[in-house]
Amino acid sequence: MVLGELLEALLDLEMLLAAFGGGAFGAALGALPAFIFTGFMVIAGEAATLVNPDAEAITAQVAFGPPFSPAISFAGGAAATAYAARRGYIDTAFDYHEAKNIAYALGTKPDVLAVGGAFGVLGYVLQVTSGTLGLPWDPIAMGVVLSALFHRLILGYSIIGKVRGTGYFDMTPFEREETRTITDGGEVESGAETEAAAAQSSRLAVEPWLPHQYEWDHVAMIGLAGGLLGGYTAIVTESPFLAFGISAASLVFLNCGVEKIPVTHHITLPSSTAALAVVASGDAILAGTSNEVALIVAAIFGIVCALFGEVFQRVFYAHGDTHWDPPAAAIVFGTILIAVAFFLGIFPTTVWVPTP
């Protein structure tokens with residue numbers, strides 16, 4: 001029965017065509033601008049639902065559907081950026097590898113949009129498969145994570161990249177502003193005394209996902225703050241998604257170049273969901289708790305997910321060449337924790353996180 005439903009969804013021509021359009025449009029706008037529109041659509045959808053509970057289409061079918069589902073539009077844009085960088089279409093003097101330049105709008109070049117559309121379809125397939133099978137994580141976030149793995153494999157990028165410094169977690173080469181010089185023959189480390197090296201453009205040796213948000217105590221603190229606000233927003237509105245939408249929309253400032261804007265959607269979504277889980281009634285250790293307890297739980301989830309995102313970026317982003325989204329990985333991790341807490345009888349519900 002479930003496999004039949006999955007097959008029907010995977011062969012739905014309307015959705016496949018829409019997903020291609022969503023991925024191509026995400027490439028045209030740029031991955032980050034497309035995700036910001038996801039945030040605006042979530043805010044609009046959740047606000048409409050508060051007025052009319054039947055008005056779910058904006059969130060469910062637009063924000064999280066083919067037009068702006070991050071698994072489709074953002075992931076399609078990220079893959080198209082990696083492709084465009086591989087083809088030499090992007091030259092912006094970006095400090096990192098151009099394949100990580102997800103704020104860059106790729107415009108209307110047909111082959112670039114075709115790659116975005118193809119990965120939009122892949123994202124739809126990944127999202128629908130997780131959701132239909134009831135796999136215990138956020139289907140959209142997992143789609144973003146797996147899509148990035150596929151675009152690195154398909155487009156010929158290293159899965160992790162060359163690790164510099166003392167290991168995966170060492171960010172001191174970035175702090176020392178060490179660079180690697182790009183030449184036709186590969187990369188030359190900082191300090192190489194050749195005319196060819198001096199003539200070529202360079203990039204940082206280690207590239208933290210957010211230069212202003214990678215130190216452990218800073219990450220934990222924004223996790224605490226975002227977790228509390230995510231939990232509170234969810235409790236007062238009964239929406240697990242509104243705080244996520246606000247966090248995503250706030251990235252418009254980051255996209256416009258405002259320095260030190262924090263990225264928090266991977267904090268607010270799990271914390272909102274956890275808060276709603278523990279205030280719900282049911283037969284569980286944490287069921288029907290007070291708002292104060294719910295906020296403490298939300299804060300814990302905020303800190304844990306923020307720190308996991310930092311772990312992920314240090315392994316899979318900082319040394320690699322393309323954008324592999326740490327927030328998406330953190331949301332996958334946080335929603336798995338919510339599912340585990342439910343299966344262990346700690347939470348009475350997973351709220352919206354699928355379960356088999």
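Because the model is predicted, local features were taken only where pLDDT is at least 70 and side-chain atom pairs only at pLDDT 80 or more, while totals for chains, interfaces and linings use all residues. Residues are numbered from 1 along each chain as its sequence is written, and side-chain values use heavy atoms, with hydrogens and water left out.

**Helix 2 against helix 6**

Select residues 13-29, which form helix 2, together with residues 110-133, which form helix 6; helices here are DSSP runs of H or I with at least four residues, numbered from the N terminus. The two pack at an angle of about 130°, with their axes 6 Å apart, where axes are lines fitted to C-alpha atoms over the stretch in contact and angles run from 0 to 180 degrees between N-to-C directions. That angle makes helix 2 oblique to helix 6, since angles under 35 degrees count as roughly parallel, over 145 as roughly antiparallel, 65 to 115 as roughly perpendicular and the rest as oblique. The crossing of the pair is right-handed, meaning that the near helix is turned clockwise from the far one by less than a right angle.

To see the contact itself (heavy atoms within 4.5 Å), show M15, L16, A19, F20, G23, A24, A27 and A28 of helix 2, which meet V112, L113, A114, G116, G117, A118, G120, V121 and Y124 of helix 6. By class, this contact has 13 nonpolar, four polar and no charged residues, with Ala, Val, Leu, Ile, Met, Phe, Trp, Tyr, Cys and Pro counted as nonpolar, Asp, Glu, Lys and Arg as charged, and the others, Gly among them, as polar.

**The nonpolar cores**

Next, select F64 and F244, the residues with the most contacts inside the largest nonpolar core, which has 40 residues. A nonpolar core is a set of buried Ala, Val, Leu, Ile, Met, Phe, Trp, Tyr and Cys residues joined through side-chain atoms within 4.5 Å; buried means under 20% relative accessible area, exposed over 50% and partly exposed in between, with a 1.4 Å probe and protein chains only. Helices that each supply at least two residues of this core include helix 3 (31-51), helix 5 (70-86), helix 11 (242-249) and helix 14 (291-317), and the largest share, six residues, comes from helix 7.

Staying on F64, display its partners T38, V42, T59, S69, Q127, I140, F241 and F244, a list that leaves out residues up to four places away in sequence. A second, separate core of 17 residues can then be coloured apart, with A79, A85, L106 and Y157 among its members.

**Helix 7 against helix 15**

Move to helix 7 (139-154) and helix 15 (326-343), whose axes come within 8 Å and cross at roughly 135°. The two helices are therefore oblique to each other, and helix 7 passes helix 15 in a left-handed crossing. In the contact, A141, M142, V144 and V145 of helix 7 meet A328, A329, I331 and V332 of helix 15, giving eight nonpolar, no polar and no charged residues.

**Helix 13 against helix 14**

Now select helix 13 and helix 14, which pack at an angle of about 150° with their axes 8 Å apart, and which are therefore roughly antiparallel to each other. Helix 13 passes helix 14 in a right-handed crossing.

**Loop residues**

Select E238 in the loop between helix 10 (216-237) and helix 11: it has a positive phi of about 60° although it is not a glycine, and it is exposed, with a relative accessible area of 66%. In the loop between helix 12 and helix 13, K260 likewise has a positive phi, near 65°, in a residue other than glycine, and K260 is exposed at 64%.

V258 is found in the loop between helix 12 (251-255) and helix 13 (265-279), and at 39% relative accessibility V258 counts as partly exposed.

Finish at A103, in the loop between helix 5 and helix 6, which is partly exposed with a relative accessible area of 36%. A103 touches L32, P33 and N255, not counting residues up to four places away in sequence; the C-alpha atoms of A103 and N255 are separated by 6.0 Å, although the two residues are 152 apart along the chain.
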